[in-house]
Structures are given as C-alpha cells and as structure tokens.
Amino acid sequence: MNLLIVEDEKEILNGIMAGVCWEALGFDAVCQATSLEMAARQFDLMRIGIVLCDIELPDGSGLDFLEWVKEKHPRTVSMIMTCHEEFTYAKRAVSLGCRDFIVKPIIYGQLEEKLLNIRQEIDETRENDRYQAFGREWMKQMSGEQENPLSTANKKELIGQVKSYITAHLKEELRVEQMAKLFCISPDYLSKVFKREEGIGIGDYILEERMFLAGELMKAGQASVSRIAYECGYDNYSYFTKVFKKKYGMTPREFMQSGEKGSET
C-alpha cells in the first residue's frame, strides 16, 4: 500500500518523514508532494491507498483536492492536517469522506497510530471484499450445478478459504453466522460442509487452532500469559486457563515453566 503526503512546508514534511517509524507501518512507498499539481501527478504514477493532505496549499485548497480524490479515486482513504483555528474546515473534510485528521503541531506518535488504524481498516476491508467476491463466484458455480451438487474440489476450495480467514482472525470473535454471511452462504450449510470435509465441527476447529497458537506463543516465551490469551481470542483469563488445561493437561504457567507440551485430553 502506498501513502501520499501533500504538504508545502518543507520543515513540516521533513519532520514527518523523520519522526514517524515508517518501518512499523509497512507502506510500500511513502510519496511526497508540495503542491496539488504534484499530488495529482502522483495518482497517475501509482495506486495511492492513503493521502495525508494539508488544508492550505500554494495552488489551492486541500479540501477541494480531497473532493477530486473522492470523485476520481474513491477507494483512496483521505486524512487531513489542520491547525486548531481551522477546525471548521475539518468538519467539511469529514463530509467529503475524510477518515481522520491530525492537528498541527504534529505529534508523530499520534500520527503513526492514526495511520496504522486506517491501514488496518483498509486491509480488513480489502480482505472482506476478497472473501465476498469468492463467495459470490462460488454461489454462481453452485447455482449452475443444481443437478450435480458442488464438486469435492470446489468444496475443498471453500473450506480452505474459511480456514484461512479463521487463522487470520483468531483473536477476534468468530461466529459461524458472521463467516457464512461473509462467504454468501447459510450458516447451516457452512457448518455441514466444514464438518464433512474436515471431520470436525467448525467451533472445535477454531478451538484447536487457538490452543495450537497459544502453545506456540508460550514456547516462544516472548509474551505474558494474559497477552497470549488476548492474541488467541480470550478476554476472560480464567476461561482461557480452563480451556488450555483441558487441552494440554496443565495450566498455562505450568506449561511455560515446564517447556514441554504435556499431555492432551
């Protein structure tokens, strides 16, 4: 994903480039423009995922530019830089679909956090779009095979996608209804196909994946038990301990102290 920063004051631009930990944000490219004309040219050169734009620029209003971005590049997410006295302009930016704003003088840690949140939202939206596109195509294939039910290969492809989604979202609440909606199928059908193909219910599969992840994180020894519980989707520490002990035959702390997998039940 590419980021474009539109700011005519070199001191501010250089400060942003030096003050933000770009490695942690993982952008493919961080582009710069000191005018709206330069900014528009950047959109011709590459796909811009996020644009961070000042309001006052030498060749026009950043808000007018955001309106142009919204019309010409609707999938690009906008964020503005503003001063306290310009807050009313920030309200117009929100009406143009601007996702957030940062107040000058910029606190770089705050900017970094805002950019990270926006990036995560975009990644999640793109991921959901991909799964939904797969689900719609899958349903088209199924509707064309009413006399001959979906092939085993197609079912395995569907379950493979579902499993990938589960792996990527283990620390979130995972409900069959939500996943079925994402893939454009009914919850009952998803449950039946999953169990038929995997030999295990989808709820039990999620539990197994979470416990496997918990065990691997504990072996690595880089996080506390409470943090590991959170990463595995458990807000209730006591419940996590109960489930973990049932799986491994010992409490999480005993597991970490022993350095062994222990017995499974």
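**Entry 1: confidence**

I looked up the confidence by element in this predicted model, and I found that pLDDT (the predictor's confidence in each residue, from 0 to 100) is lowest in helix α5, residues 87–95, at a mean of 69, and highest in strand β1, residues 2–6, at 97. I note that helices (H or I, at least four residues) and strands (E, at least two) are DSSP runs numbered from the N terminus.

Because the model is predicted, local features need pLDDT of at least 70 and side-chain atom pairs count only at pLDDT 80 or more, while totals for chains, interfaces and linings use all residues.

**Entry 2: α3 with α4**

I looked up helix α3 (residues 36–45) and helix α4 (residues 62–72), whose axes come within 11 Å and cross at roughly 15°; axes are lines fitted to C-alpha atoms, for helices over the stretch in contact, and angles run from 0 to 180 degrees between N-to-C directions. That makes α3 roughly parallel to α4, since angles under 35 degrees count as roughly parallel, over 145 as roughly antiparallel, 65 to 115 as roughly perpendicular and the rest as oblique.

Which residues of α3 and α4 meet? I found L36, A39, A40 and F43 in α3 against F65, W68 and V69 in α4. The residues of this contact divide into seven nonpolar, no polar and no charged, where Ala, Val, Leu, Ile, Met, Phe, Trp, Tyr, Cys and Pro count as nonpolar, Asp, Glu, Lys and Arg as charged, and the others, Gly among them, as polar.

**Entry 3: α10 with α12**

I looked up helix α10 (residues 202–220) and helix α12 (residues 237–248), and their axes come within 11 Å and cross at roughly 90°. That makes α10 roughly perpendicular to α12. In α10, L207, E208, M211, F212, A214, G215 and M218 meet F240, V243, F244, K247 and Y248 in α12. By class, I noted nine nonpolar, one polar and two charged residues in this contact.

I also followed E209, which is found in helix α10: leaving aside its neighbours within four places in sequence, E209 is in contact with T167 and L170.

**Entry 4: a salt bridge and two local details**

The structure holds 15 salt bridges, each a side-chain nitrogen of Lys or Arg within 4 Å of a carboxyl oxygen of Asp or Glu. One that I checked joins R119 and D123, with the closest N and O atoms 3.4 Å apart. Being four residues apart in helix α6 (residues 108–143), R119 and D123 are separated by about one helical turn.

The peptide bond from K104 to P105 is cis, with omega near -5°, and P105 has its place in the loop between β7 (100–103) and α6. Lastly, C184 has a positive phi of about 60° although it is not a glycine, and C184 lies in the loop between α8 (176–182) and α9 (187–198).

Notes:
Residues are numbered from 1 along each chain as its sequence is written. Side-chain values use heavy atoms; hydrogens and water are left out. Contact means heavy atoms within 4.5 Å.
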